[in-house]
Structure formats: structure tokens, C-alpha cells
Amino acid sequence: MTEFYTQGFSDSYVNARGIPRVEFISDVTSYLKAKDCSVESLLAQMQERYSKYKLMEYKLSQTKASLKSKLPEIKKTLEMVRCVKAKVESDEALETYFGLSENVYVSAAVKHKPKTCGLWLGANVMVEYSHEEALQLLEKNFKSATENLNHVLEDLAFLRDQLTISEVNIARVYNYEVKQKRLKQQTTGGAGASVPAASEAGGK
């Protein structure tokens, strides 16, 4: 499965699953005035939002792993049902292997070709379907799982963009706070230990 969405997202992009976009803070002073909040409250809000994005990323990563493990299983079952259906509809003998014990199998020819097959649906539940019904269900499940995986990959890529922007914003606001404290110390002539700035490019 190809990893999609590696080239970024346009400014007009809106996530179909409702993941909000993070606004890049280019001018901290103007942003604080527009939001009418203090540096401390803004940092707290950004840290909270960042934590929520990390939680979403974790859950989506789990969903991605689950879907990637299910898709090969569905595909294998689909191929198996197609093979059995083709054998049943042809004049060829249906040969298979029966397990006698662990790692011991014997070949056998099936006289009465099966017209149905059983599919595990989970929770120890198996349902009997005709070959056509089984193929329709498996094809539907495979298509749905593939679409869901593509959505998860898209959401993860978008989330990582938002996490990067959030990290830059937090660094810019923190550096702004450090700069304001230093200016205040210089203005008042106060002495005190200097506050280290966060590492980010072009901070204000």
C-alpha cells in the first residue's frame, strides 16, 4: 500500500474527517492582540491542542496498523473463494489436503463439490454463504478497508503537518515571552538569570 499525501496540503484543503487546521502565527504581538489573551494562556491553549493532536495521531496509527494487517487476510480469503468457485464450476476434480495431525497432511479428492463456504465474521462466529454471496461480501470488505486505509494515511499526513506547525508556534510564542522578559529587565534595570530561548527559525 502506497503512502499517500507526502507533498503537503494546499491552503484551501479541508479535512473530510473534521481535523482542524492550525493557524501559523507569523506575528505574535498582533496575534495576542487579536485573540485578547496573555502569553501564558496562549501557551496553555496551544499545549492542550498539541496534546490532542498527538492523541489523534496515536489512535490513527493503531487503526492504520490494524487495517494493514486485515487487508492481506481479506485478499487471501477472496482468492481462495474464487479458486474454489472456479473448481466447482469446472469439470476438474477438486483436490485438497486434510490435516491428520500437526504438520501431517494427506491429499484427498472431494466427490461432492461444495456449493457454499463458511466465512469467519469474528467473535467465534462463522456464517455460511454461497460462493457468489461470499465473493460480494469479501470484495465489499476489501474495498471498504482500502478506502479507510487511504483516509487514515491522509489524516496522518495532515496531522503531522499540524503538529509541525504547532511546535513552531509554541517555540515562537515562548521566544516572544523570553524576549519581552529581557526587555522588561533592561527597562527596569532588574537583575536576574537569563531565560533560554527555544530553538526555532525566525521567532518573534
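Guide: Phe98, Leu100, Val104 and Val106 make a nonpolar surface patch of about 360 Å². Patches are built from residues with over 30% relative accessible area and no salt bridge, nonpolar side chains (Val, Leu, Ile, Met, Phe, Trp, Tyr) being joined within 5 Å and like charges within 9 Å. Accessible areas come from the Shrake-Rupley method with a 1.4 Å probe, and for residues only the protein chains shown count as cover. The elements giving two or more residues to this patch are strand S1 (94-101) and strand S2 (104-110). Valine 106 lies in strand S2 and is partly exposed, with a relative accessible area of 36%. (Buried means under 20%, exposed over 50%, and partly exposed in between, with a 1.4 Å probe and protein chains only.) Strands (E, at least two residues) and helices (H or I, at least four) are DSSP runs, numbered from the N terminus.

Keep in mind that this is a predicted model, where local features need pLDDT of at least 70 and side-chain atom pairs count only at pLDDT 80 or more, while totals for chains, interfaces and linings use all residues. Residues are numbered from 1 along each chain as its sequence is written, and side-chain values use heavy atoms, with hydrogens and water left out.

Now for the charged side chains. A salt bridge is a side-chain nitrogen of Lys or Arg within 4 Å of a carboxyl oxygen of Asp or Glu, and by this rule the count comes to nine. In one of them, glutamate 154 pairs with arginine 17, and their closest N and O atoms are 3.2 Å apart. Glutamate 154 sits in helix H3 (residues 131-188) and arginine 17 in the segment before helix H1 (28-35), so this pair ties together parts that are 137 residues apart in sequence. Glutamate 154 is buried at 10% relative accessibility, whereas arginine 17 is partly exposed at 35%. A network of salt bridges links Arg17, Glu154 and Asp155.

Glutamate 57 and lysine 54 meet in a salt bridge of 3.2 Å, N to O; they are three residues apart in helix H2 (residues 39-89), about one helical turn. Glutamate 57 is buried at 15%, and lysine 54 is partly exposed at 37%. Lysine 85 bridges to glutamate 89, with the closest N and O atoms 2.7 Å apart, and these two are four residues apart in H2, again about one helical turn. Here lysine 85 is buried, with a relative accessible area of 15%, while glutamate 89 is exposed at 57%.

The elements that give two or more residues to the lining of the largest pocket are H2, strand S3 (116-122) and H3. A pocket is found on a 1 Å grid over the protein atoms alone, as an open set of points with protein on both sides within 12 Å along at least five of seven lines; a cavity is a set where a 1.4 Å probe fits but cannot get out, and lining residues have an atom within 4 Å of a point. The largest pocket has a volume of about 450 Å³. Its lining has 17 residues, with Thr77, Gly118, Leu119, Trp120 and Leu138 nearest the centre. By class, the lining has 10 nonpolar, five polar and two charged residues.

A search of the whole structure finds one cavity of 30 Å³ or more. Val22, Met46, Arg49, Ser166, Asn169 and Ile170 line the largest cavity, and the largest share of that lining, three residues, comes from H3.

Finally, look at two backbone angles in the loops. Most residues other than glycine have a negative phi. Aspartate 36 has a positive phi of about 55° although it is not a glycine. Its place is in the loop between H1 and H2, and aspartate 36 is exposed at 70% relative accessibility. Asparagine 124 also has a positive phi, near 60°. This residue is in the loop between S3 and strand S4 (125-130), and asparagine 124 is exposed, with a relative accessible area of 77%.

Terms used:
Points joined across faces, edges and corners; volume = space filled by probe spheres on them. Nonpolar A, V, L, I, M, F, W, Y, C, P; charged D, E, K, R; others polar.
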